[in-house]
Amino acid sequence: MSLLATNQLSIRQGQRTLCHALDINIKPGECWLVLGENGCGKSTLLAALAGWHAPQAGKINLHDKPLPSWTSQERAKRMAWLTQQDDSAFPLTVLEKALTGRHPHLGRWDWESTDDIALAQHQLARLDLVNLAGRDLATLSGGERRRASLAAVLAQQAELLLLDEPLSQLDLRHQQQALAILRDETNAGRSLVLVSHDPNHAHGFASHVLLLFGDGRWLAGPVQETLTEANLSALYRHPVRSHLVDGQPWFLPGPHVA
Amino acid sequence: MKEHTHLTRQRLALIMAALLLLTLVLLTISLCLGSTAYRPWQLWQSTPDAQMARDVVLQLRLPRSLAALVVGGLLAMAGLLQQILLRNPLADPYVLGTSGGASVGALAALLLGASSVLVSLSAGTGALASTLLVFALARHDHSSQQSRLLLTGIAVASFAGALSSLLLSIAPDGLLRGMVFWMLGDLAGAPWQVAGLVLLGLLILLWPCARDLNILSHGQQAAHALGSQTRQLQWLLYFASSIATAVAVTSAGLIGFIGLIVPHALRLVLGQDIRLLLPATVLGGGCTLLAADIVSRTVLAPQQLPVGVVTALAGVPVFLWLLQRRGRQQ
């Protein structure tokens, strides 16, 4: 069974081909870590998977049905997308932000129910934001705003979460907290596509990685086979060394080779 | 005081009831004040004086007051919709040149001797064209202040002003008087019935989309991810704000700052939820223009001031004060 699958998907941005003939198949409970240099097309790929950026060629299927044939509300019930930029032009409280995740589940005349509010509050509690529920997002720090956006995406209760650098700007403790939450979500059967700059985020819960080389080439596969010193060194065009800590490989940049 | 975190139905009903009450109070004041002041109960007496008072109130002051309510509501709504469309709290049909575009369209039609229906259509086209121009020129402005958007709007507004002056200067004497009169605008004799129907129609069309508009104002991609039809909503906002502006301008001439100040002030007091802001803005805009009209009729009575002068003179300092206060809070 496949949740989201791409078939010969090619993505262009302007004159550049970011990804050529991509074939991946995301199943329930899988977590895909997307890695690559700055500007290699990670965010654009996510935008294409979310149905926002029109691909140049190829198909995207959600539950074996072409993505464009889903109504936007039905798509949003199944797929959430955390974008990189999420600043609001107008003041907005943290709770209001979390409640936006309930939008696709409400009919035109519905109002957020006490269940919706309890669900949003619960997501805020998971991310340490309860005390900030009434605060205006603009008065928060970048990391706190990022966590509020993540709470909204979690409140959407979708089967598939497309997350564009959800951990950027988070401090060490909150990064670990957010990673634990994402691990719980995959254990609950949700699938994740996680864009990150840190290959070590794969630890413990990423099942697959997708490496984007920025010139159309890509490499996808299970973590054990694909996340290697050689592949990462080629990806980042800088030596990457693997170090075993408690039996787990950790990837650290090696000395620069001129 | 309990911290306000989100909008509930009860809060919506309470605030709308309070605003309706305020509207009725202002309407009563407006009907009683003027060249002759009446007390409300005088109107129900059966003396000849009371009969004359009833004539004055029903035939002169009531249509004028209703026109002020409707035109103010349209302008405030147009401002709110443009602010959502352009994701900029400083958008306003007067500042962005929408009103200017409408008046160029109307003046051109008047110059060609068109009928009043054609004048209205031409004003609508002018409003749509100027909004489209601003939107097309400045849509890729992703800077946080969106200064290019405002500068583009101000440039388009100045251009529309120059075109209006050009049309007036080449107009033959026979038409000039009518054109100048149209441009200055007047709430007295403004066709409030048609404008009222347009306002009601737009409200009925837009309010069911209010939650979608909420998430659209957080950004297009976020709205898309949450299942909103962003493209259709943007076209809806674009047409609705242009039509509201065109109808307001053809009814009462150029009146500025209502669309900027009213939504902004209400956002500060009531929060950001469009489900409340949309109807509150319409009533708030109506009340503001009605209050401005009362002032314009009474402060130098029997002389009357143009109501646009009053809205600008009173509105701009209030706006600056609100901005100042918000700056200190943050």
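This is a predicted model: local features need pLDDT of at least 70, side-chain atom pairs count only at pLDDT 80 or more; totals for chains, interfaces and linings use all residues.
Start where chain B meets chain A. The contact draws on 35 residues from chain B and 36 residues from chain A. Putting the two chains together buries about 3,300 Å², and carbon and sulfur atoms give 56% of that area. On the chain B side, look for R211(B), H224(B) and L226(B): these residues lose the most area to chain A, and together they make up 21% of what that side buries.

Now zoom in on the links across this interface. There are 15 residue pairs in polar contact between chain B and chain A, counting pairs with both residues at pLDDT 80 or more. Which parts of chain B supply the touching side? Helix 1 (9–32), helix 2 (48–85), helix 8 (210–216) and helix 9 (220–225) of chain B each bring at least two residues to it. The largest share, four residues, comes from helix 9 of chain B. Sort the residues on this side of chain B by type and you get 10 nonpolar, 17 polar and eight charged.

Charged partners turn up here too, with two salt bridges across the interface of chain B and chain A.

Where do they meet? On helix 3 of chain B, the residues in contact include G101(B), G105(B) and A109(B), while those on helix 4 of chain B include S122(B), G126(B) and S130(B). The residues of this contact divide into eight nonpolar, seven polar and no charged.

Last stop: chain A. Over all chains, the count comes to 13 salt bridges. In chain A, E37(A) forms a salt bridge with R237(A), with the closest N and O atoms 2.8 Å apart. This pair links distant parts of the chain, 200 residues apart. E37(A) sits in the loop between strand 4 (31–36) and helix 1 (42–49) of chain A, and R237(A) in the loop between helix 8 (229–236) and strand 12 (240–245) of chain A.

How values were computed: Residues are numbered from 1 along each chain as its sequence is written. Chains are lettered from A and ligands numbered from 1 in the order in which they are written. Side-chain values use heavy atoms; hydrogens and water are left out. Contact means heavy atoms within 4.5 Å. Ala, Val, Leu, Ile, Met, Phe, Trp, Tyr, Cys and Pro count as nonpolar, Asp, Glu, Lys and Arg as charged, and the others, Gly among them, as polar. Buried area is the accessible area (1.4 Å probe) that two parts lose on being put together, summed over both. A salt bridge is a side-chain nitrogen of Lys or Arg within 4 Å of a carboxyl oxygen of Asp or Glu. A polar contact is a pair of N or O atoms within 3.5 Å; within protein, one must be able to donate a hydrogen and the other to accept it, and residues adjacent in sequence count only if both atoms are side-chain atoms.
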